[in-house]
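Please look through the sequence and the structure shown here, and then follow the explanation below.

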Amino acid sequence: MGGTEHLNIQREGATLVLTLNRPEAKNALSLPMLVGLYDGWLEADADDSIRSVVFTGAGDSFCAGMDLKALAGKDTGGEQYRDRLTADPDLHWKAMLRHHRPRKPVIAAVEGYCVAGGTEMLQGTDIRVAGEAATFGLFEVRRGLFPIGGSTVRLQRQIPRTHALEMLLTGRPYTAREAADIGLIGHVVPDGTALTKALEIAELINACGPLAVEAVKASVYESAEMTETEGLAAELKRGWPIFDTADAKEGARAFAEKRPPVYRRA
């Protein structure tokens, strides 16, 4: 299990918890954080005993966006990770889920600020929980910048276009309740309990057949840009093989025997 000085990785049963760990800077993205984050996504993909991922931030913020000074490796110890970025110039986009989609479900647990790059990374997660005092927003236009983490493409596909354009063009902050109302997040919980709720959701996912869960997630994203006819055909291609797995047979037996199923990814 890896991690860096700005990214903690730990296990909670079958859930991998990735924690942005730079609370003194509101978890602004640094090179050590991006390297650790990408390694965390790879670990989740490679380890079949991991069935879900919870993505959160230390302290009172999720992520306040990119720290350009830190990304340059200055004053944060980032120089030791420079070779990783040189070897893979796309690493930062993969870490931020712009150019990488984990095959396991990713649940975001947000407290405090989740703005700019934080909101952009959020769009790469699957299920989203936030504390009542959380703040969301894409502030780039207010600074004469462009939200190049994918928001002009993904946001309008996740929430109604009118809301996406308002968020993108005004650069204003959104409360957790507003974010839930427009569909950006799914749950608003009391402050300080977002991680607990995310772990509860993860446990529900972990109790399901892992092959089925991964196939369902892949089908949802794969078919998103297809016509309905194309999507239905792709769904059958992914879905039918699941019925022939040992996990599917175990699920049926467990239901008949009124006991919890024991899945083995087979």
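**Charged pairs, a pocket and a surface patch**

Arg259 is partly exposed, with a relative accessible area of 30%, where buried means under 20% relative accessible area, exposed over 50% and partly exposed in between, for a 1.4 Å probe and protein chains only. This is a predicted model, in which local features need pLDDT of at least 70 and side-chain atom pairs count only at pLDDT 80 or more, while totals for chains, interfaces and linings use all residues. Residues are numbered from 1 along each chain as its sequence is written, and side-chain values use heavy atoms, with hydrogens and water left out.

Side chains of opposite charge can pair when their charged atoms come close. Arg259 forms a salt bridge with Glu250, their closest N and O atoms being 2.7 Å apart; the term stands for a side-chain nitrogen of Lys or Arg within 4 Å of a carboxyl oxygen of Asp or Glu. Glu250, for its part, is buried, with a relative accessible area of 8%.

By this rule the count comes to 17 salt bridges. One of them joins Arg103 to Glu214, with 2.5 Å between the closest N and O atoms. Arg103 lies in the loop between helix 4 (91–95) and strand 4 (106–110) and Glu214 in helix 10, so the pair ties together parts that are 111 residues apart in sequence; helices (H or I, at least four residues) and strands (E, at least two) are DSSP runs, numbered from the N terminus. Arg103 is partly exposed at 29% relative accessible area, whereas Glu214 is buried at 14%. Both residues also belong to a network of salt bridges that links Asp48, Arg103, Glu214 and Arg265. Arg265, which lies in the segment after helix 12, has a positive phi near 55° although this residue is not a glycine.

Rolling a probe the size of a water molecule over the atoms shows where empty space is left. A pocket is, on a 1 Å grid over the protein atoms alone, an open set of points where a 1.4 Å probe fits, with protein on both sides within 12 Å along at least five of seven lines, and its lining residues have an atom within 4 Å of a point. The largest pocket has a volume of about 540 Å³, and of the 24 residues that line this pocket, Arg101, Gln123, Arg154, Gln158 and Tyr221 lie nearest its centre. Helix 6 supplies the largest share of the lining, four residues.

Note on methods. Grid points are joined across faces, edges and corners, and a volume is the space filled by probe spheres set on the points.
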